[in-house]
Amino acid sequence: MTEPFTLIFDVDGTLADTERDGHRVAFNQAFAEAGLDWEWPVSLYGELLAIAGGKERINFYISQYKPKFSVSLPLPEYISNLHKSKTYYYRKLLGSGAIPLRPGVERLLKEARTNKMRLAIATTTTLANVEALLEHTLGKESISWFEIIAAGDIVPAKKPAPDIYYYVLEKMNIQPQNCIVFEDSYNGLQAALPTGLKTIVTVNDYTRNQDFTGATLVL
Ligand code: XBP
Ligand code: MG
């Protein structure tokens, strides 16, 4: 019996355009709540997206733009607290219905389920953010549509490292030949390619000019 096909989805920029009006806004709300005069405008955020992972992105921003910044707490602890606050604001934004799924995503997921395909998620974002996005767009039950939701710190190295995709392949005990990955960014494609996974890239305003050499299809 041939193995059923598996669709592996990235989240941010792929399932939904979460970055400009979601994550970016939540980062700014967390900075304001912490009394910081930091503000990430749309263009700067586009540059900072080169760094996957919210905590890593804040750390990069400090090193590049606020090198004199200092706090009494160890910096990683301070950043982790700031990121928790950002995640709170991001989930509140999702709860307000501010971020819909991209066109066609719901139809694709439902058709895949009708055709008994296996579904998985491989994302850099925090698990709680994935669950909130699914709950507030498709309903809480949709979280169970995905056999694996591999997210954030579950792996030691974030995209463009391939760790998150190897993690999904291993946990689902599947071969790359029977899978397709959906991604939106250069980092995401670079993470999938070394594993042998075929990747469909769907671009958005932040990623359309990136290099997608090696993608099976760019939409
Ligand atoms: C995109 C990311 C994430 C989000 C922010 O993830 O790099 O870091 O920008 O989410 P992907 P967190 O495209 O792999 O879904 O602040 O929770 O990291
Ligand atoms: Mg993405």
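A pocket, here, is an open set of grid points with protein on both sides within 12 Å along at least five of seven lines, and a molecule sits in one if more than half of its atoms lie within 2 Å of its grid points. With that in hand, have a look at this predicted model: ligand 1 sits in the largest pocket.

Let's stay with ligand 1 for a moment. Its surroundings amount to 19 residues, and Glu19, Gly54, His83, Thr123 and Thr126 are the closest of them. Which elements give two or more residues to that shell? They are α1, α3 (54–65) and α4 (75–95), and α1 gives the most, with 3 residues. Now zoom in on the side chains. Threonine 123 puts an N or O atom of its side chain 2.6 Å from an oxygen atom of ligand 1. For threonine 125 the corresponding distance to a ligand oxygen is 2.9 Å, and for asparagine 129 it is 3.2 Å. On its own, ligand 1 has 450 Å² of accessible area, and the protein covers 95% of that.

Next stop is the magnesium ion (ligand 2). Its protein donors are Asp10 (OD), Asp12 (O) and Asp184 (OD), at 2.1 to 2.3 Å. Written as a sequence pattern, the spacing is D-x1-D-x171-D. Aspartate 12 belongs to the loop between β1 (6–9) and α1 (19–33), while aspartate 184 belongs to the loop between β4 (179–183) and α8 (186–192), so this pair ties together parts that are 172 residues apart in sequence. Both aspartate 12 and aspartate 184 are buried.

Is asparagine 187 buried or exposed? Its relative accessibility is 13%, so it counts as buried, because the cut-off for buried is under 20%. A polar atom of the asparagine 187 side chain lies 2.9 Å from the backbone oxygen of alanine 50.

Most residues other than glycine have a negative phi, and most peptide bonds are trans. The bond from lysine 159 to proline 160, though, is cis, with omega near 10 degrees; proline 160 is in the loop between β3 (148–151) and α7 (163–172). Lysine 116, in the loop between α5 (105–114) and β2 (118–123), has a positive phi near 55 degrees and is exposed, with 65% relative accessible area. Asparagine 173 also has a positive phi, about 55 degrees. This asparagine is found in the loop between α7 and β4, and at 62% relative accessibility it counts as exposed.

Technical notes
Residues numbered from 1 in each chain as written. Chains lettered and ligands numbered in written order. Predicted model: local features only at pLDDT ≥ 70, side-chain atom pairs only at ≥ 80, totals over all residues. Heavy atoms only, no water. Donors = N, O, S within 2.8 Å, 3.2 Å for Na, K, Ca; no water. Helix = DSSP H or I, 4+ residues; strand = E, 2+ residues; numbered from the N terminus. Buried < 20%, exposed > 50% of the residue type's maximum accessible area, 1.4 Å probe, protein only. Near = heavy atom within 4 Å. Polar contact = N/O pair within 3.5 Å; in protein donor to acceptor, adjacent residues only side chain to side chain. Areas by Shrake-Rupley, 256 points an atom, 1.4 Å probe, with all protein chains shown as cover. 1 Å grid on protein atoms, 1.4 Å probe; cavity = no way out; pocket = protein on both sides within 12 Å on 5 of 7 lines; lining within 4 Å.
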